[in-house]
Amino acid sequence: MSWKKMLGKVLPNAMLKAKPNIESRIRILKRDWSIVYDMLNGKNNSGFGWDKHRQLVVAEDAVWNSYIKSHKEVGQFKHCSFPYYDQLTAIYAKDRATGKDAQTTSDVIEEINVEDVATTNIHKERTGFYGCEADVSLDDMDV
């Protein structure tokens, strides 16, 4: 069944389209997953940890402040949860390249931004989607 038919069946009056709505959301999730993954697994990134209960990256303020100076895009994750990290890691981590030809987070972000010219206000969309005010897990969602 196509995305269009599935959306029409599940959300008949939503007027969402698979292109660009769902594809844009997937690109944003993949980009944000790459940022968090690199914080937790990148070389020379000691000091970051993952709080499974609150679904967020944890570190001392000095570690955050130092890392944010050179990686502006990570600031949003200092206080906001990322409830899909474990599920997205299961999907994307096995394909994550390592070694000399591996993409950096900035490479991934640049590639995604070029692909997603239709998304004009990513910060607003991301904040609204993750709901930084509340911790949400896939278990709590009625899909």
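Trp50, Phe77, Phe82 and Tyr85 form one aromatic cluster. I am reading a predicted model, where local features need pLDDT of at least 70, side-chain atom pairs count only at pLDDT 80 or more, and totals for chains, interfaces and linings use all residues. Residues are numbered from 1 along each chain as its sequence is written, and side-chain values use heavy atoms, with hydrogens and water left out.

I found 7 aromatic pairs in the structure (rings of Phe, Tyr and Trp, the last by its six-membered ring, with centres within 6.5 Å; planes under 30 degrees apart are stacked, over 60 edge-to-face, the rest tilted). Trp50 and Tyr85 make a tilted pair, because their ring centres are 4.8 Å apart and their planes stand at 45 degrees. This pair joins distant parts of the chain: Trp50 sits in strand E1 (residues 49-51) and Tyr85 in helix H4 (residues 85-92), 35 residues apart (helices, H or I, of at least four residues and strands, E, of at least two are DSSP runs, numbered from the N terminus). I noted Tyr85 as buried, at 6% relative accessible area (buried is under 20%, exposed over 50%, partly exposed in between, with a 1.4 Å probe and protein chains only).

**Then the loop**

I looked up Gln55 in the loop between E1 and strand E2 (56-58). Its phi is near 55 degrees, a positive value in a residue other than glycine. Most residues other than glycine have a negative phi. Gln55 counts as buried because its relative accessibility is 13%. Beyond its neighbours within four places in sequence, Gln55 is in contact (heavy atoms within 4.5 Å) with residues including Trp50 and Phe82.
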